[in-house]
Amino acid sequence: MLVLTTVLPLWAQTRGISGTVTDPSGQPVAGAAVFSADGKQFTTTDEQGRFALRADAGTVLTVSFLGFTDTTLTVTAAQDSYTVILAPDVQMLDDVVVIGYGAVSKSDLTGSVASVKMGPLSDITSSSVDGLLQGRAAGLQVMNTSQDPGATATIRIRGNSSINGSNTPLIVVNGFPMGEAGSLTSINTADIASIEILKDASASAIYGSRGANGVILVTTRDAKEGVTTATLRHQTVISTLSDKLDIWYDPMLMAQVANEEQTNGGLTPLYIGQTLGGVYYPSLLEIQNGQWAHTDWVDLCLRTPVVNSTTLAVNSASSKASFNLNVNYYDDEGLYKKDAYRKLNLNLGFSYKLLDNLTVSTYGVLSATTRNKMDGLEYGRNPLWPVYNEDGSYYRASATDFSHPLVRLEDYYDQSKGRDIAQSGALDWTIVEGLKFHTQIDYRYNSSVQDIYEASTTSQDAFDNGGIAKVNMDKYQDILSETYLTWSRKWEDRHDLTLMAGHSFDREEKRGLYTTARGFVNDVLRNENMNAGDPELRQIYNDGYYLSKLLSFYGRANYALMDKYLFTLTMRADGSTKFGTNNKWGFFPSGAVSWKVHKEDFLQGATWLNELKLRASYGVSGNQGINSYQTLDRYGMEKFWNGGSWKTVIGPGYEVGRTGANDRYMVWGGISNPDLKWESTSQADIGLDIKVLDSRLRLTVDWYYKVTTDLLREKYLPLTSSYDKIWVNDGSVLNTGFEAELGADIISTRDFHLGADLVFSLNRNRVLSLGDAISSGLSRDARTGMYYEVTGPAIGMFNQNANILAIGKPMNVFYGYRVKGIIQEGADPGFIDAAGQLDQSGELKYLDLDDDYELTGADRCIIGDPNPDFTGSLNLSARWKGLDLSVFLYGVYGADVLYNGYTFSPRVKARRWTPDNPSDRFPRLNNARQYLLSDYFIQDGSYLRIQNINLGYTLDIGKRWFKQARAYFTIDNLYTFTRFDGYDPEVGLDGIYWGGYPKFRRFSLGIELTF
Amino acid sequence: MKTRLSLILTILLAGGCSLAEQPYGFYSTGNFYQTEADAESGLMYAYNALNYLEYLRGIWYIGDIPTETMYAKSDEPGDIHLLDNWTFSANTELTWYYFKYCYIGINRANTVIDRIADCPISDAARDRILGEALFLRAWNYFNLVRTFGRVPLSLSAIVTLDQTTPQLAESTEAIWEVVFKDLKQAEDLLEVNKVFGRADKVAAQALLAKAYLTVASGRHYNAPGYRSLSYDPDAYYALAAEQARKVMASDPAVYGFDDDLLHIYDVTAPDGPEHIFIMATDRSGTHEGMYTKIPLQFLPNNSAVPIYLKYGDGRLQKANGNGWGVFIAEDSFVESFLSTDKRRTELIHRQFYDQYGSPITLPSGAKYYSAKYVDADFIGERTSARPYLLRYSDIALVLAEAAGPDEGYPIVNKIRGRAGIPDLAPGLDLETFRKEVIKERALELAFEGNRLFDLRRTGTVTSTVREASKLSEEDAAFYPVPQREIDLNPNVDEENNNRF
């Protein structure tokens, strides 16, 4: 589209003209080329989209920029200033998408790949980008369950498919696989140009035995040619708690409730002025008389969390060289005093064109982190305990009271320091037109040192042993080489073929050394000198080394017929040292077809339709969840007291885990399984992409069906073998789902833009098989015959695990009793409790499902499902001139959450059942009862959160040395709509709510200056 | 240039890649048993199997809890009450673990026995190591056959998956034959060489004496677990006596009676003359198994405030920090001791004291607790208290029972005299005398993991233990083979699993 203010030419004359190039929404287009047909006049636009050159009237100038249709303008004598609005090239819209080992234009994608727009994410302060992806792409599930400084996120693509292997996607930065997604702290968010999520097998199978959980590709920014910018950005976040802490504010009520709890359980009341277990419990009278303190422990433990993040970015590019430097300092002070995380990152990218057809480039990452851990300070400590004794020393309730927060703040020390260095070097060589060679060497070195000192005042163990010092060191090293050739050719205007073939070699090495010393004369040196500990109590408790090598060959063919019918075939072969000797090589093929329906003749008349594309793919990828040496036989090592000294003793049988109450029983492994291999995921995907009305309305939907087989599981062996378990491939899990992304530019004018993006994900998960019921040690539900095994952590309060894997059911469903109200006085409880506690009035009315009038394990059933029915998000963005506003909503529907807060929440305790208050909701207080895990504790964890509101103002200053300034204000977690009773329903995949403090409401202010 | 360099590098990296995995930082079949030190270390690994708490606590869970001598505190979690009340099944956790650890010990001993043959070491060292390994295999099979009856027999190391389902022994006698054969061979191979925590020639003789006595008395009393054996009772009583005599012929300074009753149980003297085979543990260890928590199980809780014992001479001894009081002596059993018996007055306590010697009241109330396992120098929960595996007085009583009154009276009276009680009534006939010896064993070896086996081999479980009275003596003879073994080992199924 060309807009000319005046059209009439007068006479030819060479003179200076100027102009501005913008996109349809009025944003300036920087770096666009403006040139005459004969090439005599040439310039590019600056940051404000402006250009100036000398031209004769009548000269036709072409304005060209990647992603837009070329536009011409004819210089007239009457006009000196021109405005050019470039129309987006529908073909080129969103331009290229990075896929593994290459890039394709988005319109040519055959697989399911989601792209995340970085724009609004850069304004949110975070130590890593991973957690910010929540709700930003369909099929991507992100859980931010921890609010500790520097906390990481849990990430899943299209559900859980492994039980014992990892379920976390692979993250690849500029072609360098950097391990599991969730903690990409070493790459600055502001330095990321784009993020692509590879979801279906056609997209992820190229990553072979590491692709089954999906792949997240991160590409960092490049400098624009001819432009030098420096950006300084500072963000400050201040957080408040979004809910009031649920602790005892009234000590008298606390004491009364505690007494009632004891009395109802047939025990002696606590607060009667007695010493029990070395602790003095004052009588109610003493409390009433004010003889005891009313300490505000919250104030002593907690503070207002503040995060500061400062970034300096400098980049520049000429026709030969470009560089991009990004430095960030991130300082996160947590809620608990002294709980902190600091990070300094330096990311540097550099590339140089040696020859016209030869470019070398490097990308480097330096990251230094420090984590001072001081979590779990007891802010809910008994308010009756004073802070100090009369002599000024700290008041400890008994000789074994180790939880005084001030003591802990002074005497407990836990610091981890991490260093992460990653360096890639790549060479791109166009051998001849159409044949490209790429080789890349990546190196990563990661080290962490954790220093811990527990003074004898901070734990029973430390008290018994005179202090505990620990030094834990980990090192990780990875060297990777990737080399591939890409050949592409178009012929007869109908055929377009691209072939890629390559190989890679990856060598990973891990080393750990964990030492501990006990028995220090005093606490002065802390863990500075482990030799100061008691020589007999010094120990190396972990000394590990793991080496693994992965050798791969891969290839891909992309073929397009008449730019309408697209085919992709990929293949990868992975050979790994980790696999058993009988299964060293895995093969992972995939194929996809795509049909650009809108290119068919019968739709040529439909000008409103910009794209209509159907996609289908099928393929197999793997999950190499095996650890190094897991397929080998392994001897165990112990210490034996031989005639007065310790000897190291060695032989068959190796401790692989613990089981039983307090993990008291050892689990023995160590027998080899030479058949052990990767888990295999086969996935079918059918997708549809539609764009209409000048691409202002865009819809992508996908349906997938994903089966994971050969699950890595442990099989039991006969006891007489002397081994408990052996690793085998056995069992399968299904994930099937539907995803949709809808994007709309509702209003789009030069000064005003209003857009909306809707993301919807639905996944259904089902355990198909868990191997042979007997050798897998499966339990059987007596009433339904359902086979299951428990999973996840045992919950002490209930004396059972909450989650099970049951055949035919979603992973991690909750298994327990059912409850219907409270047993009211005089009513029939419906069962008899042998211990005589649970069938009393005021207790929970458990349902006797098997009608034997007894409460046994057979009365349990599935009582909840922590997997969401669906998740969705809506991002609304508006811009008016320099002012921008975005509102981001995120919701989860139908995920059940296990909330055990009812058993200790002071809010609930105050509303307990009593004969005078016959509640049907909260049972009576009773310290002697054993709570059973029941649906009483299962809550609907659905929520809709106003996750983020961002208001910004950008001022174009336009000076040569000061281009732009931007200020913005962001609120995270403004409000959560939910019926959940705990602080916040966003919990981990197992649906277990572990308490903690309320979710932060974060207010942040940012300023960004571009020079 | 750079292209070539990176090409070369790539090729080198790929070329240098062998996908065979080499173990790093751990031992496995391929890189162990190369030297004498390896063999010695492997042997001690077989000893170490006895130390795991599943096996160690089994000493009392199986030896004492099911009998009339001891019971468990009511709120102790786990399956201990199933054993106490004789309501166990094939799923009972504690017998299941005991069974498993017998086989862990066996596999470790079998590995030594198999691999010592090719190990380049001196003949003397080979004989000693092989002898000790055979002793340990016999020790574990002895425990298995008297606890579970007929069980699978595994006589070589299990290395591959197809070896993990051993065949059931043809009969209990086939297992006893392994015990006898291993011990006889061990006796031949070993020298007398007392090392705390290890077994020597005398230990082999002692265990063989006990094994012979078990089958002899089992046949003699027609106990159900022993009916199928072909052994002639008198011949095996004679063999038991012969072996026990060898033990009693040892240098009394090395192996003999300890005249001081309390000294037997002194943790600071683990090499006392009474100790033929004792578990090797020490409080300087870093995890349970290296040290033990036995005193915590035997002594009561006082809310973390240390409790003290007071002995007859007024001596105060620090006993425990924060016990759990799991094992409680039955009142009726304690009262069956003569009131002057030092084994009652000094070794069983109901009254405890504070550090100043004043009596204290315990939260758990006044109950009898054994003081055989006390370590005054405990560190937190870490103690050096050690269970006896074979004790001189035990073997002396084996001789008394096997040989009868002539040789037996001096032995029994020596033990009674040490406890400060009068001699046994003289002139008893053989049958009555043997019964008195078995009674004396109950008192002398109380809480040392012996009683249940004495009751079973004499067919007196159901007539002695109130909780077992509802069972037949056949049902009380053995514990069932654990369910997992029945489920997973096709060579053991419920139908052909005739335990007798």
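Predicted model: local features only at pLDDT ≥ 70, side-chain atom pairs only at ≥ 80, totals over all residues.
**Notes on the two-chain model**

1. Let's start in chain A, where strand 14 (residues 170-173) and strand 17 (residues 215-220) run parallel and are joined by four bridges. Helices (H or I, at least four residues) and strands (E, at least two) are DSSP runs, counted from the N terminus, and two strands pair if DSSP finds at least two bridges between them.

2. Residues are numbered from 1 along each chain as its sequence is written, and chains are lettered from A and ligands numbered from 1 in the order in which they are written.

3. Chain A has another open sheet of five strands, in the order 43-44-45-46-49, and here the pairing is antiparallel. Its edge strands are strand 43 (779-780) and strand 49 (861-864) of chain A, each pairing on one side only. Strand 43 of chain A is held to strand 44 (residues 787-795) of chain A by two bridges; Ser779(A) has Tyr788(A) as its bridge partner in strand 44.

4. Now try strand 56 (residues 1000-1010) of chain A. It pairs antiparallel with strand 18 (residues 228-241) of chain A over 11 bridges, with Val237(A) opposite Ser1004(A). Strand 56 of chain A also pairs antiparallel with strand 55 (residues 964-978) of chain A, over nine bridges, and there Ile971(A) faces Phe1003(A).

5. Over to chain B and its helices. The axes of helix 9 (residues 201-220) and helix 10 (residues 233-248) of chain B come within 8 Å and cross at roughly 160°. Axes are lines fitted to C-alpha atoms, for helices over the stretch in contact, and angles run from 0 to 180 degrees between N-to-C directions. That angle makes helix 9 of chain B roughly antiparallel to helix 10 of chain B (angles over 145 degrees count as such). Among the residues making the contact are Tyr212(B) of helix 9 and Tyr236(B) of helix 10. By class, this contact has 15 nonpolar, three polar and two charged residues. Ala, Val, Leu, Ile, Met, Phe, Trp, Tyr, Cys and Pro count as nonpolar, Asp, Glu, Lys and Arg as charged, and the others, Gly among them, as polar.

6. Chain B is split into domain 1 (4-278 + 479-488) and domain 2 (294-385), with bounds from an automatic or database domain assignment. Their C-alpha centres lie 31 Å apart. In all, 12 residues of domain 1 of chain B are in contact with 14 residues of domain 2 of chain B (C-beta atoms, placed from the backbone, within 7 Å). On the domain 1 side, strand 1 of chain B gives the largest share, three residues.

7. Finally, where the chains meet, 69 residues from chain B and 65 residues from chain A take part. The chain B side has 37 nonpolar, 23 polar and nine charged residues.

Note on methods: Contact = placed C-beta atoms within 7 Å. Parallel < 35°, antiparallel > 145°, perpendicular 65-115°, else oblique.
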